[in-house]
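Biologist: Please show me the structure, and then let me ask about the labels.

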Amino acid sequence: MSTLKYLGAQRRRLFTARKYLNGFSSLHTGPNCSVELHSQEEEAVIALGSNVGDRLHNFKEALKLMKKSGISITRHACLYETAPAYVTDQPRFLNSAVRAVTKLGPHELLAALKKIEKDMGRTDGIRYGPRPIDLDILFYGKFKVGSDILTVPHERIWERPFVMAPLMDLLGSDIDSDTVASWHSFSGHSGGLSGLWEKLGGESLIGEEGMYRVMPVGNGLLDWSRRTSVMGVLNLTPDSFSDGGNFQSVKSSVSHVRSMISEGADMIDIGAQSTRPMASRISVEEELDRLIPVLEAVTAMPEVEGKLISVDTFYSEVALEAVSRGAHFINDVSAGQLDPNMFKVIAGLDVPYVAMHMRGDPCTMQNSKNLKYDDVCKEVVSELYSRVREAELSGIPAWRIIIDPGIGFSKKTEDNLDILTGLPDIRADIAKRSLAISHVPILIGPSRKRFLGEICSRPAAVERDPATIASVTAGVLGGANIVRVHNVKDNLDAVKVCDAILRQKSHPLKFRQ
């Protein structure tokens, strides 16, 4: 049961609270009246904005202070870079939003957020002007709150695309609770928040109107919707299925990286542990011994300027060391299943994280139990999303997550084909749970995999490049944003053609995730 508490000697009027038939409450306060609704726990939506100083650092600091204030973050929206509104002569904003649970009443929550703003250097200035951090309560439980200092839902939600976009990210296309149902009802639109978002322009606004969905990586912001990124593979292992043993020296590795960059690679993925079927696991120490000399040499190359380096590892200790030596993000084939510390380490590193679907480990992933699916796309979504949710609850925000459905990992040939042709269905199924995660980049890695050899009767992996091009084409036209390949030059040509097709106004995936 909720209880009412009077606050302040000057503020001793009782508000009225009444239940409506649709299950939410309306809280009304008079002038100079502050009241608190106390319950065991309420869910709130809080918008974040910043355009002064290090915007990403400001977000991180605000989230940390929110946690210390008794505000537990449960979901993150994507990250948006937006043109300033109302007062246009100021720097561009980063905008996002979070869902959180708290025992703070609405006015206590407001006070906590205002204190965070003040502690982070926000001062009274021009309304809608520059600020290091802006924190607004969009929703609080199933309640409407009205007082002289607080209005919930926030009165300007409905007119601001830069608020509506991250707000929609925090929902799923399926309504998962009575609280979310009440938020939809507050919109006043017959189609709820979804209908209102579509009325504003919906996904067509992303990339338009000065608003871009971005991922912080390296020293910049990656807008993955503009074109498909090509990730070149550098295997430092003696036993990888395609090119094992070819690049075990620093000199040969640097030469190969230089070649892939000259052919147009946007990213280089460096792996020092084989994850082919039945590969033996090596220790953290052995993986680091293989990786670090090459990583240091690669990051020192002038040609790498402006390119992104990822490290393919499922060990948190390797991830930590790799990022400290210049890697921009981590590619984990196990999505945290093979190292219980991975999520915590990545959350502290503030780098993008590729979470891939795999059952078991490389030694067991192709056994009969792990190859059993009734509906591979739906089961991949269910299993991968559960890992991503755990990552998010561990402090890895949606704006730093990349998902990989794991082509060739615990999949039969027909499963891999179903995934390649089912990427739109995978996004749609994820969207039922979280629109934010449905929008994150999808990485696919079909390059030279065994299933292509089975289809084309090509037992040698190096003979599977034409089949790789075909699978990459199918994946990109289905919505993949990053393709991981051995042959950069030929696959880049395929990607360029696919991107040209996707730019056509008539293509159903013109507005890519």
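What follows is a dialogue on labels and cut-offs.

Biologist: What should I know about the model before we start?

Modeller: The model is predicted, so local features need pLDDT of at least 70, side-chain atom pairs count only at pLDDT 80 or more, and totals for chains, interfaces and linings use all residues. Residues are numbered from 1 along each chain as its sequence is written, and side-chain values use heavy atoms, with hydrogens and water left out.

Biologist: Why is the contact of Arg-55 and Glu-81 called a salt bridge?

Modeller: A salt bridge needs a side-chain nitrogen of Lys or Arg within 4 Å of a carboxyl oxygen of Asp or Glu. For Arg-55 and Glu-81 the N to O distance is 3.1 Å, so the pair qualifies. Arg-55 sits in helix H1 (residues 55-68) and Glu-81 in strand E7 (residues 79-82); the pair links distant parts of the chain, 26 residues apart. Helices (H or I, at least four residues) and strands (E, at least two) are DSSP runs, numbered from the N terminus.

Biologist: How many salt bridges does the structure hold?

Modeller: There are 30.

Biologist: What makes Arg-55 buried or exposed?

Modeller: Relative accessible area decides: buried is under 20%, exposed is over 50%, and partly exposed is in between (1.4 Å probe, protein chains only). Arg-55 has 19%, so Arg-55 counts as buried.

Biologist: Where do Glu-392 and Arg-389 lie?

Modeller: Both belong to helix H10 (residues 376-393), three residues apart, about one turn of the helix. Glu-392 has 3% relative accessibility and counts as buried. Arg-389, at 18%, is buried.

Biologist: What joins Arg-433 and Asp-429?

Modeller: A salt bridge, with the closest N and O atoms 3.4 Å apart. The two are four residues apart in helix H12 (residues 423-433), so about one helical turn separates them.

Biologist: Why are H15 and H16 called roughly parallel?

Modeller: The axes of helix H15 (residues 465-477) and helix H16 (residues 488-502) cross at roughly 25° and come within 9 Å. Angles under 35 degrees count as roughly parallel, over 145 as roughly antiparallel, 65 to 115 as roughly perpendicular and the rest as oblique. The H15 and H16 pair therefore counts as roughly parallel. Axes are lines fitted to C-alpha atoms, for helices over the stretch in contact, with angles from 0 to 180 degrees between N-to-C directions.

Biologist: Which residues make the contact of H15 and H16?

Modeller: Among them are Thr-468, Ile-469 and Val-472 of H15, and Asp-490, Asn-491 and Ala-494 of H16. Contact means heavy atoms within 4.5 Å.
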